[in-house]
Amino acid sequence: MQNSRKQRRCWSPELHRRFVEALQQLGGSKVATPKQIRELMQVDGLTNDEVKSHLQKYRLHFRKVPASSAGQGSQNQCNKKANISVSFPTVSPLCQ
């Protein structure tokens, strides 16, 4: 039996920085669409689904964290295990 699941993308600090810059250019996470973000990021192999998932996590993070502490989260290491704790400091390596 073949495993058809795609490997999850690990969001490096550079990739996350490009994501945040694209969001800022588009007017924020509430108005930006995954397709617009992906096009501005200009990353080969990045899919709309990967950006969509990252955007959902980004939105959830800022819904839970007060604006004053939004950039003070701890940096996470990329982890391929099931239970992943994600925080969104300005630049953090993240896994979807």
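**View 1. The largest nonpolar core of this predicted model has 14 residues.** Here a nonpolar core is a set of buried Ala, Val, Leu, Ile, Met, Phe, Trp, Tyr and Cys residues joined through side-chain atoms within 4.5 Å, and buried means under 20% relative accessible area with a 1.4 Å probe, protein chains only. The residues with the most contacts inside this core are Trp11, Phe19, Leu23, Ile37, Met41, Leu46 and Val51. Two or more residues each come from H1, helix H2 (34–41) and H3, and H1 gives the largest share, five residues. Helices are DSSP runs (H or I, at least four residues), numbered from the N terminus.

**View 2. Helix H1 (residues 13–26) meets helix H3 (residues 48–64).** Their axes, lines fitted to C-alpha atoms over the stretch in contact, come within 12 Å and cross at roughly 75°. That makes H1 roughly perpendicular to H3 (65 to 115 degrees, on a scale from 0 to 180 between N-to-C directions). On H1, look for His16, Phe19, Val20 and Leu23; on H3, for Val51, His54, Leu55 and Tyr58. Contact means heavy atoms within 4.5 Å.

**View 3. Phe19 and the residues it touches.** Leaving aside residues up to four places away in sequence, Phe19 touches Trp11, Ile37, Met41, Val51, His54, Leu55 and Tyr58.

**View 4. Phe62 is part of helix H3.** At 31% relative accessibility, Phe62 counts as partly exposed, the class between buried and exposed (over 50%). The C-alpha atoms of Phe62 and Ser29 are 9.6 Å apart, although 33 residues separate the two in sequence.

**Notes.** Residues are numbered from 1 along each chain as its sequence is written, and side-chain values use heavy atoms, without hydrogens and water. As the model is predicted, local features need pLDDT of at least 70 and side-chain atom pairs count only at pLDDT 80 or more, while totals for chains, interfaces and linings use all residues.

Terms used. Parallel < 35°, antiparallel > 145°, perpendicular 65-115°, else oblique.
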